Amino acid sequence: MHLDRLIAILEIIAVAGRGLTAPEVQKATGLPRPTCYRLLQTLANHRLIDHSDGNAQYLIGERLIRIALLGKSDIDVRRACAPALKAAAVKFGDTVFLARFRSRQVEIIHVETPDDPARGFIHPGLGARPMHACSCSKAIAAFADESFQEEILSGTLSAYTKYTKSTKARLKAEFARIVKQGYAECDQEIDMGVSSVAAPVLIGHIGASFSVGAVGPVRRLKPAYRNEIGEELIQVAAKISAAIQLCNLAQMQETDIPLLKPMEERGNQPPRRH
């Protein structure tokens with residue numbers, strides 16, 4: 001029953017489309033005022049809802065948003081993001097990829113290639129990438145919390161080529177530069193002759209769980225062009241972020257969650273779960 005009430009409060013706040021005050025939540029649930037306020041505080045303590053002291057309203061919390069994103073399948077994400085990735089690949093004339101952070105590592109989950117059959121391109125393949133030596137990983141790591149960055153910097157920093165940044169000091173400086181310019185670069189740090197650029201996909205205030213990047217031969221992806229692509233990828237990342245969030249919204253609408261009636265209208269019974 002306690003869990004049912006917590007879920008009922010979360011559903012009411014989620015479908016409201018705006019922040020709700022505690023009295024509004026209490027009225028919608030029909031719960032006794034002390035009980036409702038205590039449950040709201042419990043949810044806020046666990047960061048499942050956020051409470052703004054400025055307007056005294058509750059919104060779905062960043063932690064719950066992060067949980068929802070972690071539960072989003074690769075299939076759903078790829079379906080939502082493929083059009084923007086394909087458009088970027090055609091525009092750049094080089095391969096564009098989407099990477100995802102999970103289980104303390106970053107892996108490429110989707111790749112789109114240019115349409116021109118006469119133009120050579122590089123396919124990066126799918127799977128995990130080193131956290132310190134790939135643009136898609138560094139784009140995410142640079143925006144991670146300090147404890148996770150320290151975990152990366154304190155781990156094994158393998159030198160794959162003579163260009164790999166494999167010292168703690170160089171990587172700390174690299175992370176700061178990425179945050180400042182908004183995108184990461186990998187100039188032959190994993191494979192000679194191959195360069196890449198990636199921008200973090202930022203969603204709300206929860207940091208970067210995804211990154212979007214482009215990869216190509218170093219003869220094309222020279223510093224000036226990497227800078228140009230990096231700026232473009234920041235815009236692509238914003239489109240990817242919107243696509244993922246719209247995908248979340250569409251799935252929520254498909255579940256057809258009704259706005260719950262006050263509990264007194266439901267015989268003071270908690271909502272049933274099937």
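Okay, everyone, which residue in E8 does Ala-99 stand opposite? Ser-211 is the one across from Ala-99. Keep in mind that we're looking at a predicted model here.

Let's start with the sheet around that pair. Strand E3, residues 95–102, is joined to E8, residues 208–217, by six bridges, and the two run antiparallel. Zooming out, you've got an open sheet of six strands, pairing antiparallel, in the order E5-E4-E3-E8-E7-E6. Going from one strand to the next, the twist averages 30°. Then there's helix H5, residues 74–92, which packs on the sheet and touches E3, E4 and E8. The direction of H5 makes about 150° with that of E3.

Now, Thr-95, which sits in E3. Is Thr-95 buried or exposed? With a relative accessible area of 0%, Thr-95 is buried. A polar atom of the Thr-95 side chain lies 2.6 Å from the backbone oxygen of Ile-122. Leaving out neighbours within four places in sequence, the contacts of Thr-95 include Phe-121, Ile-122 and His-123, and also Gly-213, Ala-214 and Val-215.

E6 pairs with E7 in the antiparallel sense, over four bridges, and Cys-186 stands opposite Ser-196 in E7. The hairpin of E6 and E7 has six residues between its strands. Two residues in that loop are worth a look.

One is Gln-188, in the loop between E6, residues 184–187, and E7, residues 194–202. Gln-188 takes a positive phi near 60°. Why does Gln-188 count as buried? Because its relative accessibility is 12%, and the cut-off for buried is under 20%. Where does the Gln-188 side chain reach? It gets to the backbone nitrogen of Gly-193, at 2.9 Å. Beyond four places in sequence, Gln-188 is in contact with residues including Thr-161, Tyr-163 and Val-218.

The other is Ile-190, in the loop between E6 and E7. Ile-190 counts as partly exposed, because its relative accessibility is 24%.

Definitions and conventions
Residues are numbered from 1 along each chain as its sequence is written. This is a predicted model: local features need pLDDT of at least 70, side-chain atom pairs count only at pLDDT 80 or more; totals for chains, interfaces and linings use all residues. Side-chain values use heavy atoms; hydrogens and water are left out. Buried means under 20% relative accessible area, exposed over 50%, partly exposed in between (1.4 Å probe, protein chains only). A polar contact is a pair of N or O atoms within 3.5 Å; within protein, one must be able to donate a hydrogen and the other to accept it, and residues adjacent in sequence count only if both atoms are side-chain atoms. Contact means heavy atoms within 4.5 Å. Two strands pair if DSSP finds at least two bridges between them. Axes are lines fitted to C-alpha atoms, for helices over the stretch in contact, and angles run from 0 to 180 degrees between N-to-C directions.
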